[in-house]
Amino acid sequence: MKRILLVEDNRDHAELARIQLDKNGYEIEIAESGEAALERVSNNPLPDLILLDVGLPGISGLEVLQHLKEDLETRKIPVVMLTSSRDPDVVASAYNHHVNAFVRKPFDLARFVEMVQAVDRFWLGLAEQA
């Protein structure tokens, strides 16, 4: 069974994503802060995919990403950053820290569900993982 770590402080967004991913039989774990995400990945088993919000309380999503990609054990986990920000500096920073993909969260509920489904299809259906 594929494991997904969803790092999202907005409970509504987290629940919508969890419902969509749960339909496909994934084991979903939700972390509501950067600190909780780092604690989770320090304990095995590692997730197969991390969906990481940029704007988190405490340690930011970008800081979590940097930590994940600097660690030999966690750098191979695909990380998809999610944000509603349109700041090109945030996007550039994420790619400079080796994010696998950067996706803007749509404000519309139906489009949000489509975005989660597309991420699921690509990263857990099509993409080969190490």
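Author: A residue counts as buried when its relative accessible area is under 20%, and as exposed when it is over 50%. These terms are applied here to a predicted model.

Reader: How many of the five residues of strand E1 are buried?

Author: Strand E1 covers residues 3-7. This strand is largely enclosed by the rest of the structure, because its buried residues number four of the five.

Reader: In what order do the five strands of the open sheet stand?

Author: The pairing in this sheet is parallel. E2 and E5 stand at the edges with a single partner strand each, so one side of each is left without a neighbour in the sheet. From one strand to the next, the twist averages 20 degrees. The order of the strands is E2-E1-E3-E4-E5.

Reader: Which residue of E2 is the bridge partner of Val-7?

Author: E1 and E2 pair in the parallel sense, and five bridges connect them. Within this pairing, the partner of Val-7 in E2 is Ala-31.

Reader: Within what arc do the buried residues of H2 fall?

Author: Helix H2 spans residues 34-42, and its buried residues are Gly-34, Ala-37, Leu-38, Arg-40 and Val-41. Seen down the helix axis, these residues line one face, because they all fall within an arc of 160 degrees.

Reader: Which exposed residues lie on the face of H2 turned away from its buried side?

Author: The buried residues of H2 pack against strands E1, E2 and E3 and against helix H3. On the face turned away from that buried side, the exposed residues are Glu-39 and Ser-42.

Reader: Why do the buried residues of H3 line one face of the helix?

Author: In H3 the buried residues are Gly-61, Leu-62, Val-64, Leu-65, Leu-68 and Lys-69. An α-helix has 3.6 residues a turn, so residues three or four places apart point the same way. Seen down the axis of H3, the buried residues line one face because they fall within an arc of 155 degrees.

Reader: At about what angle does H3 run to E4?

Author: The elements covering the buried residues of H3 include H2, E3, E4 and H4. H3 lies across E3 and E4, and the angle at which it runs to E4 is about 175 degrees.

Reader: Is Val-64 buried or exposed?

Author: Val-64 is found in helix H3. Beyond its close sequence neighbours, up to four places away, Val-64 touches Gly-34, Ala-37, Leu-38, Leu-52 and Ile-59. Its relative accessibility is 1%, and the limit is under 20%, so Val-64 counts as buried.

Reader: Which element gives the most residues to the largest nonpolar core?

Author: This core has 23 residues, of which Val-7, Ile-50, Leu-52, Val-79 and Met-81 touch the most other members. E1, H2, E3, H3, E4 and H4 each supply at least two of its residues. With four residues, the element that gives the most is H3.

Reader: How many residues does the second, separate core have?

Author: In soluble globular proteins, nonpolar side chains tend to be buried together. The members of this second core include Ala-14, Ile-28, Val-80 and Val-116. Its number of residues is 19.

Reader: Which two residues form the one aromatic pair?

Author: A search of the whole structure finds one such pair. The ring centres are 4.9 Å apart and the planes stand at 90 degrees, so the pair is edge-to-face.

Reader: What is the phi of His-98 near?

Author: His-98 lies in the loop between H4 and E5, and at 54% relative accessibility it counts as exposed. Most residues other than glycine have a negative phi. His-98 has a positive phi, near 70 degrees.

Reader: How far apart in space are Ala-118 and Pro-78, C-alpha to C-alpha?

Author: Ala-118 is found in helix H5, residues 109-126, and counts as partly exposed at 33% relative accessibility. Ala-118 and Pro-78 are 40 residues apart in sequence, and in space their C-alpha separation is 15 Å.

How values were computed: Residues are numbered from 1 along each chain as its sequence is written. This is a predicted model: local features need pLDDT of at least 70, side-chain atom pairs count only at pLDDT 80 or more; totals for chains, interfaces and linings use all residues. Side-chain values use heavy atoms; hydrogens and water are left out. Buried means under 20% relative accessible area, exposed over 50%, partly exposed in between (1.4 Å probe, protein chains only). The arc is that of the directions from the helix axis to the C-beta atoms. Contact means heavy atoms within 4.5 Å. Rings of Phe, Tyr and Trp (its six-membered ring) pair if their centres lie within 6.5 Å; planes under 30 degrees apart count as stacked, over 60 as edge-to-face and the rest as tilted. A nonpolar core is a set of buried Ala, Val, Leu, Ile, Met, Phe, Trp, Tyr and Cys residues joined through side-chain atoms within 4.5 Å. Two strands pair if DSSP finds at least two bridges between them. Axes are lines fitted to C-alpha atoms, for helices over the stretch in contact, and angles run from 0 to 180 degrees between N-to-C directions.
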